[in-house]
Amino acid sequence: GSIRDVKIMRKVKAPFVYTHTLACLVHFNTVINSVSFGIILGMTVQVAVGKDGGKFDLHFPHLVISLFIQLCMSMVAPWMYLTVLEVCVCVGQPFTFLDTKIPSLHLIENLEDDL
């Protein structure tokens, strides 16, 4: 019956391997973006402070633009990936989180009253 189906759906979870793999990919991407941003930041600061001996003064505007682009890529993409990961976990387990909680007890009581 439908009451059993609702109770069984409460026990179904997203596969752990899928969720774990997705989380590892998201965190690995965040680490790679952080390292890349750190390299660009270090190069830009080195030129700005003048520790390069004046060799790359002509490239300073390009480094600043690269720094801004890398900042955008290093901030926006990981935030978007982490948001999608969080939504995936919440949608995959609708009976666990309060934000996505389906009023299953109320639905079961209504089904029992209808019977």
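## Helices in the chain

A helix here is a DSSP run of H or I that is at least four residues long, and helices are numbered from the N terminus. Leucine 22 sits in one such run, helix H2. The model is predicted.

The protein chain has four helices and zero strands. Along the sequence, its pattern reads α-α-α-α. Helix H2 covers residues 16-49. Helix H3 covers residues 60-92.

## The chain in numbers

The protein chain has 115 residues, and buried ones make up 17% of them. Its accessible surface is about 8800 Å². Carbon and sulfur atoms hold 72% of that surface.

Glutamine 70 belongs to helix H3. Is glutamine 70 buried or exposed? Its relative accessible area is 11%, so it counts as buried, since the cut-off is under 20%.

Set aside neighbours within four places in sequence. Glutamine 70 then contacts Asn33, Ser36, Phe37 and Ile40. With serine 36 there is a polar contact as well: the two side chains are joined at 3.1 Å.

Asparagine 33 lies in helix H2. It is buried because its relative accessible area is 12%. Beyond residues up to four places away in sequence, asparagine 33 touches Gln70, Met73, Ser74 and Pro78.

## Leucine 63

Leucine 63 is another residue of helix H3. Its relative accessibility is 12%, so leucine 63 counts as buried.

Which residues does leucine 63 contact, leaving aside neighbours within four places in sequence? They are Ile40, Met43, Thr44 and Val47. Leucine 63 and leucine 41 are 22 residues apart in sequence. In space, their C-alpha atoms are 8.7 Å apart.

## Leucine 22

Back to leucine 22 in helix H2. Its relative accessible area is 23%, so leucine 22 is partly exposed. That class lies between the buried cut-off of 20% and the exposed cut-off of 50%.

How many residues separate leucine 22 and valine 84 in sequence? The separation is 62 residues, with 9.9 Å from C-alpha to C-alpha in space. Leucine 22 is in contact with Leu85 and Cys88, once its neighbours within four places in sequence are left aside.

## Cysteines and disulfides

A disulfide is a covalent bond between the sulfur atoms of two cysteines. How many disulfides does a search of the whole structure find? The count is zero.

Cysteine 24 has 38% relative accessibility, so it counts as partly exposed. Cysteine 72 has a relative accessible area of 33%, so it too is partly exposed.

## A nonpolar patch

Some nonpolar residues form a patch on the surface. Its members are Ile65, Phe68, Ile69, Leu71, Met73, Met75, Val76, Trp79 and Leu82. Together they have about 890 Å² of accessible area.

Where is isoleucine 65 placed? It is in helix H3. Met73, another patch member, is also among the residues that asparagine 33 touches.

How values were computed:
Residues are numbered from 1 along each chain as its sequence is written. This is a predicted model: local features need pLDDT of at least 70, side-chain atom pairs count only at pLDDT 80 or more; totals for chains, interfaces and linings use all residues. Side-chain values use heavy atoms; hydrogens and water are left out. Helices (H or I, at least four residues) and strands (E, at least two) are DSSP runs, numbered from the N terminus. Buried means under 20% relative accessible area, exposed over 50%, partly exposed in between (1.4 Å probe, protein chains only). A polar contact is a pair of N or O atoms within 3.5 Å; within protein, one must be able to donate a hydrogen and the other to accept it, and residues adjacent in sequence count only if both atoms are side-chain atoms. Contact means heavy atoms within 4.5 Å. A disulfide is a pair of cysteine sulfur atoms within 2.5 Å. Patches are made of residues with over 30% relative accessible area and no salt bridge: like charges are joined within 9 Å, nonpolar side chains (Val, Leu, Ile, Met, Phe, Trp, Tyr) within 5 Å. Accessible areas come from the Shrake-Rupley method with a 1.4 Å probe; for residues, only the protein chains shown count as cover. A salt bridge is a side-chain nitrogen of Lys or Arg within 4 Å of a carboxyl oxygen of Asp or Glu.
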